[in-house]
Amino acid sequence: MIGYIILGLIILIILGLIYYYNKFIKLKNQVDESWSGIDVQLKRRYDLIPNLVETVKGYAKHEKETLENVIKARNMAMNATNIEEKAQAENMLTGALKTIFALAENYPDLKANENFLNLQNTLNEIEDNIQNARRYYNAVVRDYNILCESFPSVIIANMFNFKKREFFEIEEKERENVKVSFS
């Protein structure tokens, strides 16, 4: 009788191990897939920025420093190697892009330019897509991290080296309005 109980416990432990391992694999793949969704939208934004800068350059020749900051922020974002660096660079790029659109207020011809308006609308659409992709990514990372820290799944996480993932977050200063100076 004791032999059956021990055998039953061993089978139960093996089934639990298989269940949690598969759950980790499923969430790990969802995290990777959701990150690729963010990456696709960021690539679309990177591709759009040179056109935007060229359009603005034609109207706002005295704003060279602002345009250089946008290009610099774009290059930093493209060269970021991990999620934390990427998040910081993307926050900086978002702020730089807001500055360009704020500058357009001072150049009525630019503001009325059809190409600029199309680029602005496309960029707004991409920003919305990035925001949605970021929300999905952070939700999947939250579920994955909860699994990494909860009992008994923490045992499986440690056995198979499943590590917590970083959130893709917005810095507090990025939530503030952009200050533009026309001196």
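**Entry 1**

I began at Thr 94, which, leaving out residues up to four places away in sequence, touches Arg 45 and Glu 127. The model I am reading is a predicted one. I placed Thr 94 in helix H3 and noted that Thr 94 is buried, with a relative accessible area of 17%, because anything under 20% counts as buried.

I looked up the accessibility of both partners: Glu 127 is partly exposed at 21%, whereas Arg 45 is buried, with a relative accessible area of 1%. Salt bridges that share partners join Arg 45, Glu 90 and Glu 127 into one network.

**Entry 2: other salt bridges**

Arg 165 is partly exposed at 25% relative accessible area, and Asp 32 is partly exposed at 34%.

Asp 47 forms a salt bridge with Lys 43, with the closest N and O atoms 2.9 Å apart. I found both of these residues in helix H1, 4 residues apart, which is about one turn of the helix. Asp 47 is partly exposed at 42% relative accessibility, and Lys 43 is partly exposed at 47%.

**Entry 3: the nonpolar core**

I turned next to the largest nonpolar core, which has 44 residues, and recorded that Phe 24, Leu 52, Val 56, Ile 100, Phe 116 and Tyr 137 touch the most other members. The elements that give two or more residues to this core are helices H1 (2-59), H2 (64-79), H3 (83-103), H5 (114-149) and H6 (153-159). Setting aside its neighbours within four places in sequence, I found Phe 24 in contact with residues including Tyr 144, Leu 147, Ile 156 and Phe 162.

I also followed Val 140, which lies in helix H5 and counts as buried at 6% relative accessibility. Not counting residues up to four places away in sequence, Val 140 touches Leu 27, Gln 30, Val 31 and Ser 34. The C-alpha atoms of Val 140 and Thr 55, by contrast, are separated by 38 Å.

**Entry 4: the annotated spans**

I checked the UniProt record, an unreviewed entry, which places a "transmembrane region" at residues 6-22. In the model that span is 100% helix, and its end C-alpha atoms lie 24 Å apart. I noted a nonpolar surface patch of about 930 Å², whose members include Ile 6, Ile 10, Ile 14 and Ile 18. Ile 14 sits in helix H1 and is partly exposed, with a relative accessible area of 43%.

The unreviewed UniProt entry also gives a "coiled-coil region" at residues 116-143. I found this span to be 100% helix and 0% strand, with its end C-alpha atoms 40 Å apart. Finally I looked at Gln 120, which is found in helix H5 and is partly exposed at 21% relative accessible area; Gln 120 and Phe 101 are 7.9 Å apart in space, C-alpha to C-alpha, and 19 residues apart in sequence.

Conventions
Residues numbered from 1 in each chain as written. Predicted model: local features only at pLDDT ≥ 70, side-chain atom pairs only at ≥ 80, totals over all residues. Heavy atoms only, no water. UniProt positions renumbered as here; feature names shortened; annotations may be inferred. Core = buried A, V, L, I, M, F, W, Y, C linked by side-chain atoms within 4.5 Å. Buried < 20%, exposed > 50% of the residue type's maximum accessible area, 1.4 Å probe, protein only. Contact = heavy atoms within 4.5 Å. Patch = residues over 30% accessible without salt bridge, like charges linked within 9 Å, V, L, I, M, F, W, Y side chains within 5 Å. Areas by Shrake-Rupley, 256 points an atom, 1.4 Å probe, with all protein chains shown as cover. Salt bridge = Lys/Arg side-chain N within 4 Å of Asp/Glu carboxyl O.
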